[in-house]
Amino acid sequence: MFKRKSLLSLITLLMLFTVVATACGGANSPAASTSAPAAEATAAPTAEAATSTEAPAADGTPEMRSFETAKGPVQIPAKPQRIVTDFYGGELLAVGANVVGVEPSAFDNPFLTNLLKDTQDVGYPISAEKTLELAPDLIVVMYDDNYDALSKIAPTIHLPYGTATNIQETVKLFGDIAGAPEKAEAFIADFDKKAAAGREKLKGIVKEDDTFGIYELTDKGELWIFGDNAGRGGQALYNALQLKMPAKNNNENQTLQLSMELLPEYAADYMFLTTYDPEKKGDKLKELKDSPVWKGLDASKNNHLFYNDFDTYYRYDPIAITAQIDLFVDMIIARSEENKK
């Protein structure tokens, strides 16, 4: 009896080892860094649509449906129960999905801290071994570094960066993926309500023709300006609060690198700067603040320069965007009160 059990155990272990080895075989592609601002600066938005159609499931098995992706149709659960993702943790959590694994930088997102307390770090590129241990029934990825390996573990959806271009499209898309369209509609309704309340609070404080610019300084001294869909608060500032971009920024390029000579042309009445400085040196920010160009801006003279935390404003998931509405409104109101003194 003991020998038969041992033989069965050995066969089971060999089968598990085979699955892991097969999955790991495709996990050796180079990792793409997304910690630096250039990750979004160089990621071109795509126009590929992701749509789904339901199909009846066989008796006794989970209901499956066909979901159209950038890599073609994929059969996914109609109501996925355990999802692993790389950079779509916030999008999935916004519609109530159960995210069991996510890439490491998600844990630095201050808006997701409590929501990720039971979620595991699966690394980036996503580790096939860690993913297998979590037994997901769906995997959703922004980058396809080891798509083939992950696809052997569970149905895998590849959604390239920029598939959705605003918060409404994003929430509806992930509500569809999670099989929770009603939660998506509820989230959008709450977002619209918060946005309207924020606009109301700014009446009488912000002039109709005032312009608002979003900028970022890197640890290499590079200066960038951002549009409405590249993080840094763009969706909250321009789409939710409906504030105006600098006249020169036509939003055709979501990110644009500026020289100090060009900065005055892209300046705004209100300017919000984040600094990508992972080693916290502070030298490039000091250089910027000390420069005659920066000091000579109208926003500087009128005390309308705002220096914002990178981790807080870099985020662009629906949960972060919704929270950023209040952050922008509160800082604009507080600065207005300060300037009256």
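Which side chains meet aspartate 311 or arginine 315 in a salt bridge? Point 2 has the reply, after a quick word on the model.

1. **Ground rules.** This is a predicted model, where local features need pLDDT of at least 70, side-chain atom pairs count only at pLDDT 80 or more, and totals for chains, interfaces and linings use all residues. Numbering runs from 1 along each chain as its sequence is written, and side-chain values use heavy atoms, with hydrogens and water left out.

2. Aspartate 311 and arginine 315 meet each other through their side chains in a salt bridge, at 3.1 Å from N to O. A salt bridge here takes a side-chain nitrogen of Lys or Arg within 4 Å of a carboxyl oxygen of Asp or Glu. Arginine 315 counts as buried at 9% relative accessibility, while aspartate 311 is partly exposed at 29%. For the cut-offs, buried is under 20% relative accessible area, exposed is over 50%, and partly exposed is in between (1.4 Å probe, protein chains only).

3. **Other salt bridges.** The structure has 13 of them. Lysine 71 pairs with aspartate 144, with the closest N and O atoms 3.1 Å apart. That pair links distant parts of the chain, 73 residues apart: lysine 71 sits in the loop between strands S2 (64-69) and S3 (72-77), and aspartate 144 in the loop between strand S7 (138-141) and helix H5 (147-151). Helices (H or I, at least four residues) and strands (E, at least two) are DSSP runs, numbered from the N terminus. Both ends are partly exposed, lysine 71 at 40% and aspartate 144 at 36%. Glutamate 279 and lysine 281 form another bridge, closest N and O atoms 3.5 Å apart; glutamate 279 is exposed at 59%, and lysine 281 is exposed at 59%.

4. **Nonpolar cores.** A core means buried Ala, Val, Leu, Ile, Met, Phe, Trp, Tyr and Cys residues joined through side-chain atoms within 4.5 Å. The largest has 63 residues, and Val140, Phe174, Ile177, Phe212, Phe272 and Ile332 touch the most other members. Helix H13 (residues 318-340) supplies the largest share, 8 residues. Apart from this core lies another of 16 residues, including Leu217 and Leu285.

5. **Isoleucine 177.** Leaving aside neighbours within four places in sequence, its contacts (heavy atoms within 4.5 Å) include Arg65, Phe67, Pro80, Leu138 and Val140.

6. **Alanine 106.** This residue lies in the loop between strands S5 (99-102) and S6 (120-121) and is buried, at 8% relative accessibility. Not counting residues up to four places away, alanine 106 touches Leu112 and Leu116. Its C-alpha is 8.8 Å from that of tyrosine 88, 18 residues apart along the chain.
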